[in-house]
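Subject: Model handover

Hello,

Please find the structure below, followed by notes on what was found in it.

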Amino acid sequence: MAPSHARPPSAPSPRPVPPPLSEREIDELQSLLDRVPAPLEPLDVTMLDGFLCGVLLQPQRVAEAQWLPFVTDIDQGRPVPGRFDAPRLRQLVLRRHGELNAAIVSRQWFDPWVFELDEAPGAAQENDGFADEDEAPPEVDAVYPWVAGFAAAVDRFAGLMQLDEQKLTEPLALLFQHLAPDDLEDADDLLAEIETMEPPADLTEAVETLVRATLLLADVSRPVQAAAAPRSPRPPVRRGPPPRR
């Protein structure tokens, strides 16, 4: 019998990157989140996006069963009622989770789910006098829900925040500059770093900063060999928010 020449086992094929959610699917996801019944407290899609990044930046993988319940009940992670369309919501959330994970692993720019705020009546006249160089323009407030979702994730899953504080300070400051100082208790070094930063000049710059901070944090918590610098274009600012509660 001729000797067999067994081939060495091949490396597993990388998982395909899920297609980005369309605008219609993002609206559908927001509609599903809007229908989560009380007393559960679901995220909206902007907070969800920041939350998923906070989950994905943990140094150890967080199992789906651990983080998914907080999408529909951020405070306690209580289960949704059986009559709720949880499978479709889960499908959409996991697609975004996979898309963000692929971007983080490959250190590529991604499009954060940040939406321009509707301008309140009379705001244009008030904003005409905006001239304080130490503050960001009001339009930048649109990134707050994204940062709040990220903060909720890193508060719930503590692995990231237990890494090298010195390496974390700058990228965390890029994100947490959008929170009130009172929300950053016992974070003197972080507050001091924020004080040295120029605020974003506009919403486009603020959105770009979210991506930059996420990828800098990935270099700390999920290092890769010879990580390539991000090469994709700046993420766009979305023009119309999905339906809200």
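The cover over the buried residues of α8 includes α7 (144–156), α9 (188–195) and α10. Those buried residues (under 20% relative accessible area, 1.4 Å probe, protein chains only) are L168, T169, P171, L172, A173, L174, L175 and F176. Helices here are DSSP runs of H or I with at least four residues, numbered from the N terminus.

This is a predicted model: local features need pLDDT of at least 70, side-chain atom pairs count only at pLDDT 80 or more, and totals for chains, interfaces and linings use all residues. Residues are numbered from 1 along each chain as its sequence is written, and side-chain values use heavy atoms, with hydrogens and water left out.

The axes of α8 (residues 165–176) and α10 (residues 203–221), lines fitted to C-alpha atoms over the stretch in contact, come within 8 Å and cross at roughly 160 degrees. That makes the two helices roughly antiparallel (over 145 degrees, on a scale from 0 to 180 degrees between N-to-C directions). In contact (heavy atoms within 4.5 Å) are K167, L168, E170, P171, L172, L174 and L175 of α8 with T209, L210, R212, A213, L216, L217 and V220 of α10. By class, the residues of this contact are ten nonpolar, one polar and three charged.

R107 sits in the loop between α5 (86–106) and α6 (123–127). R107 is buried, at a relative accessible area of 3%. Its side chain reaches the backbone oxygen of R222 at 2.6 Å, and a polar atom of that side chain lies 3.0 Å from the backbone oxygen of A218.

Regards

Definitions and conventions
Angles under 35 degrees count as roughly parallel, over 145 as roughly antiparallel, 65 to 115 as roughly perpendicular and the rest as oblique. Ala, Val, Leu, Ile, Met, Phe, Trp, Tyr, Cys and Pro count as nonpolar, Asp, Glu, Lys and Arg as charged, and the others, Gly among them, as polar. Buried means under 20% relative accessible area, exposed over 50%, partly exposed in between (1.4 Å probe, protein chains only). A polar contact is a pair of N or O atoms within 3.5 Å; within protein, one must be able to donate a hydrogen and the other to accept it, and residues adjacent in sequence count only if both atoms are side-chain atoms.
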